[in-house]
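Please look through the sequence and the structure below. A short report on selected parts follows.

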Amino acid sequence: MDLGNQRESSNVEDRRGMGMVGGGLGVGGVVVALVAYFLGFDPGTALNVAEQVTAPHQMQQGKKGAPADENGQFAAKVLGSTEGVWGSIFQQSNAQYRAPTLVLYERQTGSACGRGQSAMGPFYCPNDEKLYLDLSFFRDMQARFHAPGDFARAYVIAHEVGHHVQKLTGAFRRLESAQGRVPEAEYNRISVRMELQADCYAGVWGHHAGTAIQLNSGDIAAALNAATAIGDDRLQQQSQGRVVPESFTHGSSEQRVRWFKRGLDSGRPQDCDTFSAAAL
Ligand SMILES: [Zn+2]
């Protein structure tokens with residue numbers, strides 16, 4: 001994979017080194033954080049469900065624009081690539097793609113979905129249309145999940161962008177309207193379909209970006225390995241020593257790989273309809 005010629009996105013907000021403003025533990029914060037957890041937090045989350053969090057106080061503002069350091073550049077280029085791909089896909093259906101903002105932070109930060117913490121893994125907040133990423137997650141992928149590789153890292157960003165696409169298409173509302181109205185097992189089933197669709201959308205991005213960023217079969221194997229490593233079954237097995245399918249919120253390793261590949265092979269978002277699929 002080679003991002004050398006890729007345009008960097010300027011839709012990056014760099015909050016690294018800023019620390020956290022505000023504080024105070026509130027009951028409301030826990031609720032907000034749980035909602036946010038179900039809406040889109042990713043790998044790593046399963047290990048930290050019981051984490052206590054605080055309500056958002058002040059919204060922080062970071063430095064706008066593509067960062068100069070290597071990791072920041074990488075994230076800005078991947079985001080730039082997703083903007084190009086989704087921009088033209090939306091255009092083909094006479095719609096306009098509204099790009100999300102990528103927030104880079106360290107340890108913890110405020111979001112319109114509650115306080116984000118590194119331990120939760122990368123997440124998307126539909127309320128402010130921002131993707132939150134602590135770059136230390138990429139080190140964890142290598143150390144804890146044994147999922148190294150640039151394209152595996154890019155896949156993580158593309159997955160969160162997939163959630164943003166769901167916000168734009170309205171798919172996100174399925175989850176929001178189910179919140180608090182259906183039994184937890186049913187809610188989790190909807191969440192799994194949301195997550196697998198985001199995986200499929202990440203694949204759609206890979207399909208179209210593939211030529212420009214010179215994807216090779218090794219890159220793809222690394223991303224499939226990452227999808228395998230962060231399946232709920234694998235994470236649960238690691239964290240609690242057993243697998244409870246009803247509590248899955250992201251899908252099994254096999255399902256994540258299958259939907260990612262599906263998008264990667266076809267490049268068509270229409271093929272990512274996990275909500276109508278008879279089998280996942
Ligand atoms: Zn997700």
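## The zinc site

His159 and Glu195 are both buried. In this predicted model, the two residues take part in coordinating a zinc ion, together with His163. The donor atoms are NE2 of His159, NE2 of His163 and OE of Glu195, at 2.0 to 2.1 Å. Along the chain, the donors of the zinc ion follow the spacing H-x3-H-x31-E.

The pair of His159 and Glu195 links distant parts of the chain.

## Overall make-up

The protein has 9 helices and 7 strands. Of its 280 residues, 54% are buried. Among contacts between residues at least 6 apart in sequence, 76% join residues at least 24 apart.

## Helix 2 against helix 6

The axes of helix 2 (residues 70-92) and helix 6 (residues 184-209) come within 10 Å and cross at roughly 90°. An angle of 65 to 115 degrees counts as roughly perpendicular, and helix 2 and helix 6 are therefore roughly perpendicular to each other. On the side of helix 2, the contact is made by Val78, Ser81, Thr82, Val85, Trp86 and Ile89. Helix 6 contributes Tyr201, Val204, Trp205, His208 and Ala209. By type, the residues of this contact are 8 nonpolar, 3 polar and no charged.

## Aromatic pairs

How many aromatic pairs does the count come to? The count comes to 9 aromatic pairs. One of them joins Trp86 and Tyr201, with 5.3 Å from centre to centre and 75° between the planes, an edge-to-face arrangement. Trp86 lies in helix 2 and Tyr201 in helix 6, 115 residues apart, and the pair links these distant parts of the chain. Residues under 20% relative accessible area count as buried; Trp86 has 1% and is therefore buried, and Tyr201 has 6% and so is buried too.

Phe151 and Phe260 form a pair whose ring centres are 6.4 Å apart and whose planes stand at 45°, so this pair is tilted. Phe151 lies in helix 4 and Phe260 in helix 9 (residues 253-266), so the pair ties together parts that are 109 residues apart in sequence. Both Phe151 and Phe260 are buried. One aromatic cluster is formed by Trp86, Phe90, Tyr97 and Tyr201.

Where is Glu129 placed? Glu129 sits in the loop between strand 6 (123-125) and strand 7 (130-133). The relative accessibility of Glu129 is 13%, so this residue counts as buried. Leaving out residues up to four places away in sequence, Glu129 touches Arg98, Pro100, Thr101, Tyr124, His164 and Lys167.

Phe275 is found in the segment after helix 9. Is Phe275 buried or exposed? At 17% relative accessibility, Phe275 counts as buried. Beyond its neighbours within four places in sequence, Phe275 is in contact with Ala171, Arg174, Ile190, Arg193, Met194 and Gln197. Phe275 and Met194 are 81 residues apart in sequence, and their C-alpha atoms are 7.9 Å apart in space.

Key:
Residues numbered from 1 in each chain as written. Predicted model: local features only at pLDDT ≥ 70, side-chain atom pairs only at ≥ 80, totals over all residues. Heavy atoms only, no water. Axes fitted to C-alpha atoms, helices over the stretch in contact; angles between N-to-C directions. Helix = DSSP H or I, 4+ residues; strand = E, 2+ residues; numbered from the N terminus. Parallel < 35°, antiparallel > 145°, perpendicular 65-115°, else oblique. Contact = heavy atoms within 4.5 Å. Nonpolar A, V, L, I, M, F, W, Y, C, P; charged D, E, K, R; others polar. Donors = N, O, S within 2.8 Å, 3.2 Å for Na, K, Ca; no water. Buried < 20%, exposed > 50% of the residue type's maximum accessible area, 1.4 Å probe, protein only. Phe/Tyr/Trp six-rings, centres within 6.5 Å; stacked < 30°, edge-to-face > 60°.
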